[in-house]
Amino acid sequence: MRCDFCGTVFTEAEARPACTGCPLAGVCKKRKCPRCGYEVLPEPKWVKALKAWGGSIFAGYKANR
Amino acid sequence: MSASQAEVVTYPEPIEKALAQITTLLKGSYGLSPRTVALLLLQDDPEMHDLVKEREGSTYQTIAAIIDRTRETLREPVDEAVPVARQQKIAAIAAAAVTETAPAGAALADRISRLMMNPWTGTPLLLLVLYFGLYKFVGGFGAGTVVDFLESTVFDAHVNPWVNRLVDTYVPWAAIRELLAHDYGIITLGLRYAVAIVLPLVGAFFFVFAIIEDSGYLPRLAMLIDRVFKMIGLSGRAVIPMTLGFGCDTMATLVSRILETRRERIIATLLLALAIPCSAQLGVILALLAGRPAAVLVWAGVIALVFLFVGWLAAQILPDERPTFYMEVPPLRLPRLTNVLIKTYTRMRMYFLEILPLFVLASVLIWLGEMTGLFAALVQAVAPVVRAIGLPDQAAVAFLFGFFRRDYGAAGLYDLYTAGQFDGVQLVVATVTLTLFVPCIAQFIVAIKERGARVAFGMFLFVLVFAFGTGYILNAVLRLLGVSL
């Protein structure tokens, strides 16, 4: 993940602790940048799946060529 | 001169003077150069302070006095002056040692980036972003086109009459009919507010926000307003909670814990509760004021004035701890449409999942209040205050909604406006008062958790009195001047 405020790249595991204690944590899936605290949106599962699917098709196409 | 000496960073004169004095006083062994130890002391490193206190004995008091004197002499905080001096040195070394061929477009991006951070060019650019992004897109397109269609064509013409007919035909109990349909029903009010009014407006706002976010404009905005924020006891870092507040004030209040000093955290929490409208509230307010540029100017001017005045006042009252802000600005880039659309979708989905149950619950509570007569009694109790600020009695309903959820209250105002209950002045007074009005329940709970019950309740009372006080004065001034908006 990349922070939209300070540009720091971090993993979801690194960000999670910043949400401790928030009453909206159940609904909100945002992650907080460990450096500046800005809220970053995670990529929806279907987008990840779509990208993986697109990636595999592209890789197959490249291999065939 | 040796290479290492040539590469020593030269700090502002008061810091260099303090470094020279402290290094002569240090006698203990720290495994670091005396200059480094002195620098850490000046930057308030707690471990180094403990070590020096232990190893230098009574000399520590003299060192502490030098540090205090230096802080008083310096115009900016030591934490800011030190990295700035280091960055200048690094830039000078890099410029002398590296020849860089900038990729095409990098020079232009760099120039635009500088323009965004310069107060003379950055302020008009910010106003352009607000005008086109918020006023034209959220207020014009979001409210004028999308909400109008969903409200008038979908809900008012089709969904609500159909639900009312269905419920009247098949539900024999009047109380359950009122719970599901008609004036305050779960479907006809709760669902309509969520789907037809609030969601399209927050969607439009989230779209603009995603573009701003993806372009890298936010850190530049932080640099631009750092100077103004320092006047109100905050720093550019406070742009993070303040910007997030335009999305959701509850989460922004929680994010305010990233601010350096307790004073900053209290001021930010107060300003978030008072003068930063959440996305839904902002969207509905822009929808209400769309097509009335003078009304928008009065609303924005009053809110900005309140923001600066209350911030300045709080900064004067609270003990002085000067905040520092220093950040590396990431590169400016063209927003990618896929990123913008995914961010907008994700935010809208989260928002809808959060508000729908709450809007349904609000409808149920209002229904209970209606059934027991409590709602009418509360409206009666609030009506004199609402009347005092020049609004019709029916506006009391919107303010009662606002206690539960800010966006629910704003949607209530929208209903009154579309029913032709307000003239221009009343519209501005109502939107200003509701913007400043008390935080929603969730934000209030977070404020208690983060700042303590005493501070949170104090803020709640202050905001309540201040909101209606401002509404009262604004109404009196506009009526006295004979302004029609």
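Helices are DSSP runs (H or I, at least four residues), numbered from the N terminus.

The structure is a predicted model, in which local features need pLDDT of at least 70 and side-chain atom pairs count only at pLDDT 80 or more, while totals for chains, interfaces and linings use all residues. Residues are numbered from 1 along each chain as its sequence is written, chains are lettered from A and ligands numbered from 1 in the order in which they are written, and side-chain values use heavy atoms, with hydrogens and water left out.

Helix α6 of chain B has buried residues, among them B:V78, B:E80 and B:V82. Here buried means under 20% relative accessible area, exposed over 50%, and partly exposed in between (1.4 Å probe, protein chains only). The buried residues of this helix pack against α2 (13–25), α3 (34–42), α5 and α11 (217–231) of chain B, where contact means heavy atoms within 4.5 Å.

Helix α5 (residues 59–73) of chain B holds both B:D68 and B:R71, three residues apart, about one turn of the helix. These two residues form a salt bridge, with the closest N and O atoms 3.6 Å apart. Such a bridge is a side-chain nitrogen of Lys or Arg within 4 Å of a carboxyl oxygen of Asp or Glu. B:D68 is partly exposed, at 41% relative accessible area, and B:R71 is also partly exposed, at 29%.

Over all chains there are 17 salt bridges. In chain A, A:K51 pairs with A:E43, their closest N and O atoms being 2.4 Å apart; A:E43 is partly exposed, with a relative accessible area of 30%. A:E39 and A:K30 are both buried, and they form a salt bridge with 3.5 Å between the closest N and O atoms. A network of salt bridges links A:D4, B:E213, B:D214, B:K343 and B:R347.

The cysteines remain to be considered. A disulfide requires two cysteine sulfur atoms within 2.5 Å, and the count over all chains is zero. The sulfur of A:C6 has its closest cysteine sulfur in A:C36, 3.7 Å away, and is therefore too far for a bond. A:C6 is buried, with a relative accessible area of 9%, and B:C278 is buried, with a value of 9%.

Definitions and conventions: Helices (H or I, at least four residues) and strands (E, at least two) are DSSP runs, numbered from the N terminus.
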